[in-house]
Structures are given as structure tokens and as C-alpha cells.
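Trainee: Could you take me through how to read strands, helices and single side chains in a structure like this one?

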Amino acid sequence: MNSQVMSIPLKPVSVGLVFVLALISLPSAAGQRVDRSKFHIGAYYFADNIADEAHVKELVDCGLDFMVDVSVKSRKTLDLFKKHGIGAIVNGAVSVWCGGGTNCARIAELRPRQGYVDSLDKFVKELDHPAIWMIDLTDEPGATAFGHFGDICRLFHEKCPDVLPYVNLFPNYASHDDPKHPERETHLCIGTYQQYVDHYTEMFPLPYISFDHYMMRDNPNFRRQLYFENLRVVSEACRATGRDLWYIPAVNTTWAKRRVSENQLRYQAFSSMAYGTVSIAWACWCYGWWNFNVYDKEGKRDDIQFEALKTVNFEIRKLAEEYMRYRNVGTKLFYMRMGDASEYYDGWFNGLRPADGSSFAVGTMVPRDDGSSARAVFVFAAADPDDVSKQTHSFSFSATGKVHAYGPRGEVPLTAGGAGRLTFSLKDSDAVLLVCE
């Protein structure tokens with residue numbers, strides 16, 4: 001890759017200002033089919049070989065409310081989705097672009113605007129369906145394609161304003177430009193992951209940032225620090241620009257003989273919620289790639305993965321109603337070799353720490369209702385991504401008001417300790433929402 005052709009110079013800007021300016025011309029109902037007041041849980045792929053009522057009911061039984069990459073031509077599936085309250089992110093309505101690389105610089109030539117004009121006109125006249133929430137536009141594009149796709153997003157708002165385009169970004173372990181090797185093709189088509197995400201906020205007039213990061217594979221120690229750094233970069237961009245954070249974790253894995261465990265599903269979900277995630281789309285329901293998808297290529301269900309995912313999804317939903325009363329305004333990570341702090345303080349919750357000094361994350365949250373004076377923190381036990389220790393940790397803290405503790409299986413008991421402190425227990429990979437009123 002030629003860096004003179006592919007690199008994108010980034011000037012200092014206020015990404016929040018750019019986002020506001022980008023949305024000024026959009027109708028107020030833009031993307032209204034996605035209810036952003038709710039926490040959404042979905043998954044990738046629903047194959048035609050299981051497209052019947054029993055299998056759609058199964059999605060509801062597993063706690064899912066949307067599916068990604070459903071063919072726009074699968075009208076029977078869409079009818080069943082509508083009947084059972086499942087939203088669809090459809091493919092085939094427009095030409096989908098996947099992946100970074102040299103060709104991203106030629107995106108306007110390879111995917112001309114007029115093609116999207118024609119496709120969206122056809123969608124509105126012939127292919128729209130009430131089960132369709134969004135239309136798949138691009139998965140993991142390189143940064144040199146952002147300007148073109150940002151323009152296509154504005155075309156979406158013009159042609160079908162209540163249906164959002166779906167754009168998903170690379171994780172931070174994707175390759176980036178290297179000035180020492182300017183001819184090498186990369187994924188990000190830009191120098192750093194921070195620049196990649198910042199450029200998205202400048203170019204895309206969308207109310208969310210979606211990214212995938214599959215940490216339950218390869219070297220978990222290497223992946224763990226990259227994973228939390230990925231969450232940090234995306235969550236900070238979301239806060240700065242008023243966007244929602246959407247995360248794609250994995251129920252499948254590259255491991256040939258070891259599954260992603262129930263606790264490892266929890267680890268991905270609850271850690272992302274500590275950073276403010278409001279949508280999770282598991283990869284994969286029907287076979288997409290790798291091993292231990294919920295369904296294989298032949299349409300046979302993996303009952304172990306189904307039951308594990310069902311358990312965790314309903315734990316998320318148990319927390320979600322109270323969680324969505326608040327929005328994340330910052331996250332701190334402790335004992336992860338990323339700082340020296342060992343206790344959490346914010347004036348409402350003080351001296352929050354585990355007795356054993358294990359790793360944990362705390363998401364600081366404020367009410368979405370401006371009339372509320374409550375404060376909340378989302379506490380996640382981060383010490384055991386490999387699900388081998390299986391320990392229980394005793395946390396303690398003091399608070400300035402009455403505290404309620406909401407867990408994924410119901411209320412979490414708080415015990416009064418010495419010096420006005422409260423204590424609670426948290427298992428590895430588990431979480432609790434503390435609300436102070």
C-alpha cells in the first residue's frame with residue numbers, strides 16, 4: 001500500500017462538534033425502528049434451513065430480539081420475525097462492502113453512489129418490511145472508505161429515514177499503516193486505531209459505534225489488554241459524540257476442543273456493560289465461522305452453547321431495565337497494569353475495592369432522567385477471563401446515601417461492616433449495579 005495514496009491526514013477537530021454538525025440536516029425520526037431506549041441483544045446469521053416458526057420462537061426463548069445478516073429476500077423469515085418481535089439487520093438490500101485494504105481508496109469507483117440510489121429506491125418500493133430495523137452497508141471497512149460511506153449514510157437518511165445503515169468497525173488488533181513499510185496492505189488504512197475511530201466519528205452521521213473483538217481465542221493474556229484498550233477507545237468516542245456503544249462478542253471460538261464457557265460469555269457481556277454497551281450481537285447463532293456456533297452448517301443445534309447463551313442473555317436482561325435508567329460517563333480499570341489506583345471514588349461511592357486486590361472495572365453512571373439525583377456504578381469482576389480460578393471476591397465501599405444492589409440474578413445482599421462500610425460478594429466474571437439515592 002502506498003502511504004501517499006492511502007494515508008488520511010487528520011487535523012485536530014472537536015469530534016463532538018463534527019458529529020452535531022453532521023446530524024443537523026437529518027430528520028428527527030432517523031432510525032426510529034431501533035428503539036434506543038432499550039438494551040438490545042442479538043446474534044449473527046439466521047439461515048434459511050431453520051426458517052420456521054419453532055426456530056424463530058427459539059430466538060425469543062434465548063433472550064434475543066434481533067438478528068444480523070438476514071437476507072432481505074427471505075420474506076417468510078421476516079414475516080415470522082415480525083410476528084415474534086424480532087428485528088432484522090438485512091443483507092442484499094444494497095451492495096455490502098467487507099474489509100479494509102488497498103481497494104478502500106477506490107471505493108467511490110468500485111461502489112458508485114448511483115448504485116446505492118437505485119438499490120434504496122427499489123428497497124423502498126419493493127423490499128421494505130416492518131421487521132427490518134437496519135440495512136447492512138459495510139463490515140470492517142478501511143478508513144479511506146469512510147468519506148464515501150458517510151455520504152451513503154446521508155443518502156439512507158434521505159431515502160428511508162427510519163431505517164439505519166449498519167456499519168461495523170474493525171477491532172484494534174487489525175493491522176494499521178506503518179510508515180516504515182508504506183507499500184504493505186493493512187486493514188485500518190490509517191496509522192492508529194485511535195485515529196481510525198476518531199475518523200469514523202468525523203465521517204459517519206450515525207448514532208452508534210459498533211465493533212467486534214473476539215478475545216476468547218489465541219493468547220488470552222495478550223488479547224485481554226488489547227480488549228480493554230479497545231473498549232476504552234470506543235467508549236470514549238461514544239461519550240464525546242453522544243453515540244451508543246454496540247459490541248459484538250463471541251459465542252464461537254477458534255479452539256477446536258474447548259468451548260467458550262458460560263462464565264466467558266458473562267466476561268464479555270458484563271465487561272462491555274462496564275464501558276456503557278447498550279447492544280450486544282453474539283457471533284454466531286447459525287454457522288458463520290470457527291467452532292461451537294449455536295447452530296452448525298447442517299442446522300443442528302449445539303445444546304450446550306444454546307443453554308449457556310440463554311442463561312447469560314437472561315442475566316443481562318435482568319440487569320438491563322435498571323441499567324438503562326443510567327448512562328455511562330466514564331470507566332476505570334483496576335489492577336490491570338494500566339494504572340496505580342486500587343480503589344474507586346466518585347463522591348457517591350467511595351473506597352470501593354475487593355479485599356483480595358483482584359482485578360475489577362467500574363463504570364460511572366448518571367441518570368438519563370435529568371430530574372433524578374441518583375447515581376450508579378456498574379462493578380465487574382475482571383480477574384478470570386480464562387474461567388479457571390472461579391473465585392468469589394468480597395467488595396466493600398462507603399456511600400453518601402441509601403444503596404440498592406442489582407445483580408444478574410436478582411438483588412445482591414449488602415452487609416453493614418465497620419466504619420460505615422457496606423460489603424457484597426461478586427464471583428469472577430460477574431457484575432452488580434449499585435444505585436445510590
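Trainee: How many residues of strand E9 are buried?

Mentor: Bear in mind that this is a predicted model. In strand E9 (residues 277-282), 6 of the 6 residues are buried, so the strand is largely enclosed by the rest of the structure.

Trainee: Which strands does E9 pair with, and in which sense, parallel or antiparallel?

Mentor: Strands of a sheet pair through backbone hydrogen bonds, and the pairing may be parallel or antiparallel. Here strand E1 (residues 40-44) runs parallel to E9 and is joined to it by 4 bridges, with Ala 43 having Trp 282 of E9 as its bridge partner. Strand E8 (residues 244-248) also runs parallel to E9, through 3 bridges, and in that pairing Leu 245 has Thr 277 of E9 as its partner.

Trainee: What kind of unit do E8, H10 and E9 make?

Mentor: These three elements form a β-α-β unit, and its hand is right-handed. Helix H10 covers residues 262-274, and Asn 263 is one of its residues.

Trainee: Is Asn 263 buried or exposed, and which residues does it touch beyond its sequence neighbours?

Mentor: The relative accessible area of Asn 263 is 17%, and because buried means under 20%, this residue counts as buried. Leaving aside residues up to four places away in sequence, Asn 263 touches Asp 387, Asp 428 and Ser 429. With Asp 387 there is also a polar contact of 3.1 Å between the two side chains.

Trainee: How should I read helix H9, and which of its residues are buried?

Mentor: An α-helix has 3.6 residues a turn, so residues three or four places apart point the same way. Helix H9 (residues 220-241) has 22 residues and spans 31 Å from its first C-alpha to its last, which is close to the 32 Å expected at 1.5 Å a residue. Its buried residues include Tyr 227, Leu 231, Val 234 and Cys 238, and others among them are Arg 223, Phe 228, Asn 230 and Thr 241. Just after H9, Gly 242 adopts a positive phi of about 75°.

Trainee: What is the strand order in the open sheet of 4 strands, and which are its edge strands?

Mentor: The order is E11-E14-E18-E17, with antiparallel pairing. The edge strands are E11 (349-354) and E17 (415-416), each of which pairs on one side only. E17 is joined to strand E18 (residues 422-427) in the antiparallel sense over 2 bridges, and Ala 416 stands opposite Leu 422 in E18.

Terms used. Residues numbered from 1 in each chain as written. Predicted model: local features only at pLDDT ≥ 70, side-chain atom pairs only at ≥ 80, totals over all residues. Heavy atoms only, no water. Buried < 20%, exposed > 50% of the residue type's maximum accessible area, 1.4 Å probe, protein only. Polar contact = N/O pair within 3.5 Å; in protein donor to acceptor, adjacent residues only side chain to side chain. Contact = heavy atoms within 4.5 Å. Pairing = 2+ DSSP bridges. Right-handed = clockwise from strand over helix to strand, strands pointing away. Expected span 1.5 Å × (residues − 1).
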